[in-house]
Amino acid sequence: MIATIFIDPDTCSKCGTCLQICPMGLILKGEERIPFMPDEAGAFCSKCGNCESFCPEGAIYPEYGTRYPEIAEEVKPGITPGALGIYMRQRRSVRNYLSKMADRETIEEILDIVRYSPSGMNNQPVHWLIIHDPEKVRRLTRITIDWMRSLMNSDVQHPLKPVIPSLIAAYESGKDPICRGAPHVAVAHAAAANPIAFTDSIIALTWFELAAPAFGLGACWAGFLKIAASSCQELKEELGLPEGHEVQYAMMFGYPKYKVCSIPGREPARITWK
């Protein structure tokens with residue numbers, strides 16, 4: 001058995017925080033009150049990093065392979081509630097894009113942030129397919145529209161049927177009602193057998209959408225593409241996901257054509273207190 005974490009006895013202050021913060025309760029109090037995780041408990045460790053994050057002395061180190069974010073020493077964490085509120089409220093679904101392409105380095109920076117989004121048991125099931133070529137994005141739109149045409153001509157009952165004629169008409173008039181002319185598409189995919197992969201993927205994509213404006217980008221949920229990818233064999237083959245994986249959801253993104261100038265109103269929060 002291989003140890004999962006190492007707790008430095010010379011640095012540890014014996015405060016007991018790690019015993020309380022481990023979600024699985026795997027860290028125990030050892031000799032002279034120095035905490036430890038039994039080697040046999042390593043099989044149950046989700047490698048969430050809670051013990052490492054909350055240790056006030058920095059005495060806990062992972063024994064498993066991991067990758068850390070690059071954060072400059074002079075950068076101090078912290079953002080005021082007001083600034084955070086404005087940033088989040090300014091988030092808009094972007095459906096009009098410039099032809100300018102985002103470089104791969106920028107997209108990788110965003111995904112480096114998104115890899116820290118929460119997932120069940122820290123399973124981190126989400127994989128990414130980035131359609132970086134605008135022509136390939138247009139091909140996804142064409143395949144989706146062709147699938148919609150065949151669906152309309154079939155006897156299959158489908159909830160999309162009432163809106164399909166307008167989508168086809170928009171496409172035939174030169175518009176892109178599927179990917180909105182975006183130069184890029186992010187596809188979150190994961191093992192179809194994972195029962196919580198969809199939820200984890202939605203969380204990850206939400207992080208992606210929230211992080212994008214900080215890099216000058218905008219995004220929008222590609223619902224029609226996701227629905228088509230669940231049924232259309234040609235679209236599945238075009239995406240070429242690994243065996244056993246399926247599209248959990250997709251998001252179009254790129255540089256916005258227009259700038260957000262104000263924050264629209266919303267209904268008040270519906271809260272029940274008990």
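The questions below turn to a sheet, to a helix lying across it and to helix packing.

Author: This is a predicted model, in which local features need pLDDT of at least 70 and side-chain atom pairs count only at pLDDT 80 or more, while totals for chains, interfaces and linings use all residues. Residues are numbered from 1 along each chain as its sequence is written, and side-chain values use heavy atoms, with hydrogens and water left out.

Reader: In what order do the four strands of the open sheet lie?

Author: Strands (E, at least two residues) and helices (H or I, at least four) are DSSP runs numbered from the N terminus, and two strands pair if DSSP finds at least two bridges between them. Five bridges join E5 to E6, eight join E6 to E8, and four join E7 to E8. The pairing in this open sheet is antiparallel, and the order is E5-E6-E8-E7.

Reader: Which strands stand at the edges of the sheet?

Author: An edge strand here has a single partner strand, so one side of it is left without a neighbour in the sheet. The strands placed in this way are E5 (127–131) and E7 (218–221).

Reader: Which residue in E8 is the bridge partner of Val187?

Author: Other opposite positions in the sheet include Trp128 with Ala188 in E6, and Gly218 with Gly254 in E8. For Val187, the bridge partner in E8 is Ala250.

Reader: At about what angle does helix H7 run to E8?

Author: Axes are lines fitted to C-alpha atoms, for helices over the stretch in contact, and angles run from 0 to 180 degrees between N-to-C directions. Helix H7 (residues 197–211) lies across E5, E6 (184–191), E7 and E8, and its angle to E8 is about 10°.

Reader: Is Ser201 buried or exposed?

Author: Ser201 lies in helix H7, and, not counting residues up to four places away in sequence, it touches Val126, Ala188 and Gln248, where contact means heavy atoms within 4.5 Å. Its relative accessibility is 0%, so Ser201 counts as buried.

Reader: How are H4 and H7 oriented to each other?

Author: Angles under 35 degrees count as roughly parallel, over 145 as roughly antiparallel, 65 to 115 as roughly perpendicular and the rest as oblique. Helix H4 (residues 104–114) packs on H7 at an angle of about 130°, with the axes 9 Å apart. The two helices are therefore oblique.

Reader: Which classes of residue make up the contact of H4 with H7?

Author: Ala, Val, Leu, Ile, Met, Phe, Trp, Tyr, Cys and Pro count as nonpolar, Asp, Glu, Lys and Arg as charged, and the others, Gly among them, as polar. H4 contributes Ile110, Leu111, Ile113 and Val114, and H7 contributes Ala204, Trp207, Phe208 and Ala211. With no polar and no charged residues, the contact has eight that are nonpolar.

Reader: At about what angle do helix H5 and helix H6 pack?

Author: Among the residues that meet are Ile145 and Met148 in H5 and Leu167 and Ile168 in H6. The axes of H5 (residues 134–152) and H6 (residues 164–172) are 10 Å apart, and the angle is about 135°.

Technical notes
Buried < 20%, exposed > 50% of the residue type's maximum accessible area, 1.4 Å probe, protein only.
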